[in-house]
Amino acid sequence: DWAEAKLVAELGEPVNLALNKIPTVKKSADGSNAQVNSQRPESMATDGIIDTNNYCDFGTDNQRESLYLQVDLESVELISQINLWRYWADGRTYKGTVVAVSENEDFSNPTVVFNSDSENVHGFGAGKDELYEESEAGRQFELDRLTKGRYVRVYTYGVNNTATTNHIVELQVMGHHVEDTQKPEGPTLNPVDGKNIRIQVEKGK
C-alpha cells in the first residue's frame, strides 16, 4: 500500500541482516542438534561467500529426515526478501523445502515464505510451490510486504532422489533494522548538563 511504499522509500536499500550471524541446525522432530560436517560448519552459510567450495553441510548419510537451519537476527527486524543459495555445481534439485520467518523462536505463528514440501514432512501443510533446480543465481523469495521477524528457518529434506544431506552455500535475510524506522515523538529532548530538558515552543515566544 501507499504507506508501506513510502516507508520503503525512506528506509533506502535493504541490508543483509543475517551476515555473520552464526546459525544453528536442528532436527524438526525434537529440536535436538543435527549432525554438521565439522569441515563445513554452520558459519559458512552466512559468511557472505557465495561459492560452491564454501557451504554448510548437514544431515546424516542414508537417513532422510526433516532438518532446519535457523538464523537468529538477535532482535525483531523488518524483512523484505530472503535469498538462498544451495550447492549448484551439478544442477541438482533439493526435495521439499520450507522457508519461514517468525518473531518467536517457537514458530507458533510463522510467516511461510516458500513451501515446496508436497509431502508435508516439515509440518506446514502440503506445499504448492514447485521444486527447482539449483543455479549460481540462487533463489530469491520476496515477501508480499515488510514482515517483522527475528528467526529465519530453512527446512530441508536432502537432495531429490539421491543424497540425504543438505548443503547451504549462503542464506541472506534482506531488510531493515526496526530501530531505523522509529522516530522520536513529541517535543525534542536536548541534553543540558547531563539532563534531558524538554524544549517547549509556545506561540508568540
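User: Which residues touch the most other members of the largest nonpolar core?

Analyst: Heads-up: this is a predicted model, so local features need pLDDT of at least 70 and side-chain atom pairs count only at pLDDT 80 or more, while totals for chains, interfaces and linings use all residues. Residues are numbered from 1 along each chain as its sequence is written, and side-chain values use heavy atoms, with hydrogens and water left out. A nonpolar core here is a set of buried Ala, Val, Leu, Ile, Met, Phe, Trp, Tyr and Cys residues joined through side-chain atoms within 4.5 Å, where buried means under 20% relative accessible area, exposed over 50% and partly exposed in between (1.4 Å probe, protein chains only). The largest one has 25 residues, and those touching the most other members are Leu-69, Ile-79, Ile-82, Ile-168 and Leu-171.

User: Which element gives the most residues to this core?

Analyst: Strands are DSSP runs (E, at least two residues), numbered from the N terminus. Two or more core residues come from each of strand 3 (56-58), strand 4, strand 5, strand 7 and strand 8 (166-176). The biggest share, seven residues, comes from strand 4.

User: How many residues make up the second, separate core?

Analyst: Its members include Trp-85, Tyr-94, Val-159 and Val-169. The residue count for that core is seven.

User: How many salt bridges are there?

Analyst: The rule asks for a side-chain nitrogen of Lys or Arg within 4 Å of a carboxyl oxygen of Asp or Glu. Arg-86 with Glu-134 qualifies, at 3.2 Å between the closest N and O atoms, and Lys-95 with Glu-119 does too, at 3.5 Å. The total is four.

User: How far apart in sequence are the parts that Asp-72 and Arg-150 tie together?

Analyst: Their side chains meet in a salt bridge, 2.7 Å from N to O. Asp-72 is partly exposed at 25% relative accessibility, and Arg-150 is partly exposed at 24%. Asp-72 sits in strand 4 and Arg-150 in strand 7 (residues 139-156), so the parts they tie together are separated by 78 residues.

User: Which side chain of opposite charge is nearest to Asp-57?

Analyst: Asp-57 is found in strand 3, and it is buried yet has no salt bridge. Charge counting takes Lys and Arg as positive and Asp and Glu as negative, ignoring His and the chain ends. Contacts (heavy atoms within 4.5 Å) beyond four places in sequence include Gln-35, Thr-165 and His-167. At 5.3 Å, the nearest opposite charge is on Arg-40.

User: What separates the C-alpha atoms of Val-76 and Glu-179?

Analyst: Val-76 is in strand 4 (residues 67-86) and is partly exposed, with a relative accessible area of 29%. Among the residues it touches beyond four places in sequence are Glu-103, Lys-148 and Val-178. Glu-179 is 103 residues away along the chain, and the C-alpha separation is 9.5 Å.

User: Where does pLDDT stay under 50?

Analyst: pLDDT is the predictor's confidence in each residue, from 0 to 100, and the chain averages 89, with 83% of the residues scoring at least 70. Where it's low, the predicted coordinates should not be read in detail. The model has 13 contacts beyond four places in sequence for the stretch under 50, residues 184-205.

Conventions:
Helices (H or I, at least four residues) and strands (E, at least two) are DSSP runs, numbered from the N terminus.
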